Amino acid sequence: FLHVEAPDESGHEGSIKNKIKAIEDFDKKIVGPIIDGIKKFPEYRILLLPDHPTPIKLKTHTSDPVPFAIMGTGIKAGNFKRFTESEAVTSPYKLEGKNLITFLIGRKI
């Protein structure tokens with residue numbers, strides 16, 4: 001479990017520049033190395049998601065659906081083009097937070 005606050009804080013500031021930079025840094029410095037390292041294991045799964053949206057225009061949290069990505073052993077790729085809030089709204093995969101862990105580990109690896 002890892003929580004990074006930088007994208008959320010940038011949303012509260014209303015800074016699109018800082019939010020993009022925070023997300024790019026998170027991808028490059030955290031997600032990328034984790035994915036590179038975990039592939040050394042014969043079986044693995046990763047769940048990636050924000051805890052809530054913080055739209056730049058509103059500068060506050062909303063209860064809109066959040067995008068999530070799951071990868072690893074036994075997970076089939078979805079047909080999504082982007083990891084965004086708007087993609088999450090249109091996704092057929094809508095899960096309540098309490099069901100995400102079951103969805104992540106509930107399938108046989």
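Predicted model: local features only at pLDDT ≥ 70, side-chain atom pairs only at ≥ 80, totals over all residues.
**Surface patches and overall layout**

Asp51 counts as partly exposed, at 48% relative accessibility. Together with Glu5, Glu9 and Glu13, Asp51 forms a negative surface patch.

The phi of Lys59 is near 60 degrees, which is a positive value in a residue other than glycine. The relative accessible area of Lys59 is 44%, so this residue is partly exposed.

Next, the nonpolar side. Which residues make the nonpolar surface patch of about 240 Å²? They are Leu2, Val4 and Ile34. Ile34 is found in helix 2, which covers residues 16-38. With a relative accessible area of 41%, Ile34 falls in the partly exposed class, as the limits for that class are 20% and 50%.

Now the whole chain. There are 4 helices and 2 strands, and along the sequence they follow the pattern α-α-β-β-α-α. The C-alpha trace spans about 40 × 30 × 25 Å along its principal axes. Of the 109 residues, 23% are buried. Among contacts with a separation of 6 or more, 51% come from residues 24 or more positions apart.

Last, surface and charge. The chain exposes about 8,200 Å², with carbon and sulfur atoms supplying 58% of that area. How many positive and negative side chains does the chain have? It has 17 positive and 14 negative ones, and the centres of the two sets lie 7 Å apart.

Definitions and conventions:
Residues numbered from 1 in each chain as written. Heavy atoms only, no water. Patch = residues over 30% accessible without salt bridge, like charges linked within 9 Å, V, L, I, M, F, W, Y side chains within 5 Å. Areas by Shrake-Rupley, 256 points an atom, 1.4 Å probe, with all protein chains shown as cover. Salt bridge = Lys/Arg side-chain N within 4 Å of Asp/Glu carboxyl O. Buried < 20%, exposed > 50% of the residue type's maximum accessible area, 1.4 Å probe, protein only. Lys, Arg positive; Asp, Glu negative; His and termini not counted. Charge placed at Lys NZ, Arg CZ, Asp CG, Glu CD. Contact = heavy atoms within 4.5 Å.
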